[in-house]
Amino acid sequence: MRKLTTILTLFAITTSQVYCQNEKKEKEAVLKVLKSYKEALQNLTTEGTYELFASDSEVFESGGVEGSYAHYIEHHLGPELEHFKKFNFSDYEIDVEVDLPYAFTTETYIYTIVLNPNDKGEGRTIKKKGVATSILKKVDGKWQIIKTHSSSRNAK
């Protein structure tokens with residue numbers, strides 16, 4: 001009986017360690033997706049971001065339904081980025097929970113946008129405190145954003 005207890009204990013420890021290592025690996029993969037998206041925005045581009053989102057993704061922003069990511073880029077974010085001189089995130093924190101095949105994330109940050117000068121040569125800076133929640137799904141070994149919602153308010 002003692003031998004069986006020892007074997008079961010070792011099995012439980014080994015299984016737990018493998019699970020923890022796998023969970024860590026999945027969290028890192030999810031973080032990589034969100035980091036890639038954040039970096040693209042800071043570089044004022046959408047290049048390479050389409051593969052981060054499922055084709056039937058849904059984007060919600062500050063009370064608005066933006067549609068799929070492709071629609072959001074074409075009708076909202078893409079045109080906006082053309083007016084930005086700089087887009088920077090600071091005080092960035094992220095929480096990731098993995099429950100395969102899904103992952104749930106919450107990001108908090110402050111973003112600062114410096115707009116290109118207008119016709120009169122006047123620029124403007126926007127500073128907001130933001131939060132975003134996203135649901136990602138692992139499909140064919142690849143994490144993709146299926147739903148994302150972001151909102152912001154004036155930074156204090």
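The legends below describe several close-up views of one predicted model.

Residues are numbered from 1 along each chain as its sequence is written. Because the model is predicted, local features need pLDDT of at least 70 and side-chain atom pairs count only at pLDDT 80 or more, whereas totals for chains, interfaces and linings use all residues; side-chain values use heavy atoms, with hydrogens and water left out.

**View 1. Order of the elements along the protein.** The protein has two helices and six strands, where helices (H or I, at least four residues) and strands (E, at least two) are DSSP runs numbered from the N terminus. From the N terminus on, these elements follow the order α-β-β-α-β-β-β-β. Of the 156 residues in the protein, 30% are buried, a term that stands for under 20% relative accessible area, with exposed over 50% and partly exposed in between (1.4 Å probe, protein chains only). Among contacts (heavy atoms within 4.5 Å) with a separation of 6 or more, 53% come from residues 24 or more positions apart.

View 2. On a 1 Å grid over the protein atoms alone, a pocket is an open set of points where a 1.4 Å probe fits, with protein on both sides within 12 Å along at least five of seven lines, and lining residues have an atom within 4 Å of a point; the volume is the space filled by probe spheres set on the points, which are joined across faces, edges and corners. The lining of the largest pocket holds 33 residues, and the closest to the pocket centre are Glu61, Tyr72, Phe87, Tyr111 and Ser150. Strand S6 contributes the most to this lining, with six residues. By class, the lining comprises 19 nonpolar, nine polar and five charged residues, with Ala, Val, Leu, Ile, Met, Phe, Trp, Tyr, Cys and Pro counted as nonpolar, Asp, Glu, Lys and Arg as charged, and the others, Gly among them, as polar.

**View 3. The largest nonpolar core around Tyr37 and Phe87.** This core has 28 residues, of which Tyr37 and Phe87 touch the most other members; a nonpolar core is a set of buried Ala, Val, Leu, Ile, Met, Phe, Trp, Tyr and Cys residues joined through side-chain atoms within 4.5 Å. Elements that give two or more residues to the core are H1, S1, H2, S3, S4, S5 and S6. Leaving aside neighbours within four places in sequence, Phe87 is in contact with Leu41, Gln42, Leu44, Leu81, Tyr111, Thr112 and Ile113.

**View 4. Aromatic pairs.** The whole structure contains twelve aromatic pairs, in which rings of Phe, Tyr and Trp (its six-membered ring) have centres within 6.5 Å, with planes under 30 degrees apart counted as stacked, over 60 as edge-to-face and the rest as tilted. Tyr37 and Phe53 form an edge-to-face pair, 5.3 Å centre to centre with 75° between the planes, and this pair links helix H1 to strand S1 across 16 residues. Tyr37 and Phe53 are both buried. The ring centres of Tyr50 and Tyr69 are 5.6 Å apart and the planes stand at 70°, so this pair is also edge-to-face. Tyr50 is partly exposed, with a relative accessible area of 43%, whereas Tyr69 is buried at 2%.

**View 5. Surroundings of Thr105.** Thr105, found in strand S4, is buried, with a relative accessible area of 3%. Thr105 and Ile135 are 30 residues apart in sequence, yet their C-alpha atoms are 6.5 Å apart in space.
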